[in-house]
Amino acid sequence: MVKIHTLNIEPPVVNASCAWASDYEQLRELYESPYTGAVITRTATFNGFSEDSSNTVAFARDSVTSLNSYGYSPHPLSKYLDWVYTLLTTPCLDGSPPTKPIVISITASTPTVLAEMVENIQGLRKKLRATYSAAASFGAFIPPSSPSRSNRQSAGASSSTATHTATHTATIDPATLIGIELNTSCPNIKDAPPPAYTFAFLLPLLDVLSAAFYSDPTLTIGLKLPPYLYSTRFAEAIRFVHTYTRELRPSVFMNGSNSHPLAAATTEQQDGTGQPQPLRSLNPFAYFACTNTLGNCLLFAEQAFHDPCADPSLAQDPTTTDMDTDDLVAPRGPYAHPPSPSPTPSSSSASSTSSSPPPQPPSPSCAPSPFALPPALGGMGGESIHPIALGNVYTFARMLAAHPDPAMRRVRVVGIGGVTSAAAAARMRAAGASVVGCATLLGREGVRAFEIIAGHHGHHHS
């Protein structure tokens, strides 16, 4: 089991915040899988994000790689609060309470809106405490109506997990089953580049999250970061996050305990010797999720797993007739062979003239589009970014482990990017990830993806 602040994650595998964790049914299926240790929702905004047919995904033919043009979830935060409440108040088949954490991914463009979103999530956590307290026992708890209750599976994947559940049933604080992840890194939002690439832009939002944590230190907060490509970006992120560290007495922090935070929320509490407890270094940010997709990437339709613009004549014949000139032209695209030099002098002289215009890239608006995605460009995930993701995990893990501040040394790394097999997950852990997450494989395989990562169901090349 991996503990990230107050979240107990067993097994240490999660879904990354993505389009395949958008609605209640998807979240329920993820939650009920014995191969996930926690569930992360798709990123919510306060009112929901406008989505249309241009927001979609393509999968590469030759690797478990995806390219997506999705933005944030079309569902507002309020929907996710309702769904999370249902999931966390619906008993498992054996009558035991849910113990798997859910992380609510959120984003906002202003601190005021983010503060309201965090306040609403804190309201849900308080509501869960009240609901659990009012129940005479978990077995007697009457959950809200849920269409899936009869099919609900136990969240425990093993006898050890079941024993852990039974042991902690009486003392668990249900509010510690909910965390917050701030998405700082979506590359697909028009005219809004990921703020984490210029970390100072994030500070007004981090101020809001820091204030929420220090008013309730049982809150677990993570940051979903973009792929960084050079060392100063990593150092900048750590330097800014470190500025939020404070010294507090353990009685306020409760040492990550699952007991109720108000039980001893006073700095006046003394230790066994009658002396005030020593100060402890705390930081609001419990984990970094590394990484989000790599933006501004392009796949041609012929590279896509499902090619909506496939032309059988192009696939069957290496040459085709240009409708305007009747000349034979080579097929376009990255897999096309370069044309052989022409032996005719006229061609030679034409190609050498200084007035020849440069080649023009095709437009994504032409029909049929030559690209795998309607907007052409999107965020790349899966195997193609695995080396970048490993490098980000490795760099952050090493820098955090060597940090002089003990609070920064406690920050964990969730490794995301190309986790498409058990071997890839092992590489992420070897690079320094405490927990691994996946999205592309989930999009291709459904929840079965987590069996693949566990090595229990088939296998994908590494």
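User: Which elements each supply at least two residues of the lining of the largest cavity?
Analyst: This is a predicted model. In it, β6, β16 (377-382), β18 (435-438) and α13 (440-445) each give at least two residues to that lining.

User: What volume does the largest cavity have?
Analyst: Its volume is about 410 Å³. The structure holds three cavities of 30 Å³ or more.

User: Which residues lie nearest the centre of the largest cavity?
Analyst: Ser17, Cys18, Asn68, Asn292 and Thr293 lie nearest the centre, out of 33 residues that line the largest cavity.

User: And how do the residues of that lining divide into nonpolar, polar and charged?
Analyst: The lining of the largest cavity has 14 nonpolar residues, 17 polar ones and two charged ones.

User: Okay, salt bridges. How many does the count come to?
Analyst: The count comes to seven salt bridges. In general, side chains of opposite charge can pair when their charged atoms come close.

User: What does Arg129 form a salt bridge with?
Analyst: Arg129 pairs with Asp173, and their closest N and O atoms are 2.8 Å apart. Arg129 is in helix α3 (residues 111-134), while Asp173 is in the loop between α4 (159-168) and β8 (178-183), so the pair ties together parts that are 44 residues apart in sequence.

User: Is Asp173 buried or exposed?
Analyst: Asp173 is buried, with a relative accessibility of 3%. Arg129 is buried as well, at 12%.

User: What about Arg28, which residue does its side chain meet in a salt bridge?
Analyst: The side chain of Arg28 meets that of Glu25, at 2.5 Å from N to O. These two are three residues apart in helix α1 (residues 24-32), so about one helical turn separates them.

User: Which residues are linked with Arg28 in a network of salt bridges?
Analyst: Glu25 and Glu32 are linked with Arg28 in that network.

User: Is Arg28 itself buried or exposed?
Analyst: Arg28 counts as buried, at 15% relative accessibility. Glu25 is partly exposed, with a relative accessible area of 39%.

User: One more salt bridge: how far apart are the closest N and O atoms of Glu445 and Arg448?
Analyst: They are 2.4 Å apart. Glu445 is partly exposed, at 24% relative accessible area, and Arg448 is partly exposed too, at 27%.

User: New topic, Ser69. Where is it found?
Analyst: Ser69 is in the loop between β6 (65-68) and α2 (77-88). With a relative accessibility of 6%, Ser69 counts as buried.

User: What does the side chain of Ser69 reach?
Analyst: It reaches the backbone oxygen of Ser54, at 2.6 Å.

User: Which residues does Ser69 touch, leaving out those up to four places away in sequence?
Analyst: Ser69 touches Ser54, Asn55, Thr56, Asn188, Leu373, Pro375 and Leu377.

Technical notes:
Residues numbered from 1 in each chain as written. Predicted model: local features only at pLDDT ≥ 70, side-chain atom pairs only at ≥ 80, totals over all residues. Heavy atoms only, no water. Salt bridge = Lys/Arg side-chain N within 4 Å of Asp/Glu carboxyl O. Helix = DSSP H or I, 4+ residues; strand = E, 2+ residues; numbered from the N terminus. Buried < 20%, exposed > 50% of the residue type's maximum accessible area, 1.4 Å probe, protein only. Polar contact = N/O pair within 3.5 Å; in protein donor to acceptor, adjacent residues only side chain to side chain. Contact = heavy atoms within 4.5 Å. 1 Å grid on protein atoms, 1.4 Å probe; cavity = no way out; pocket = protein on both sides within 12 Å on 5 of 7 lines; lining within 4 Å. Points joined across faces, edges and corners; volume = space filled by probe spheres on them. Nonpolar A, V, L, I, M, F, W, Y, C, P; charged D, E, K, R; others polar.
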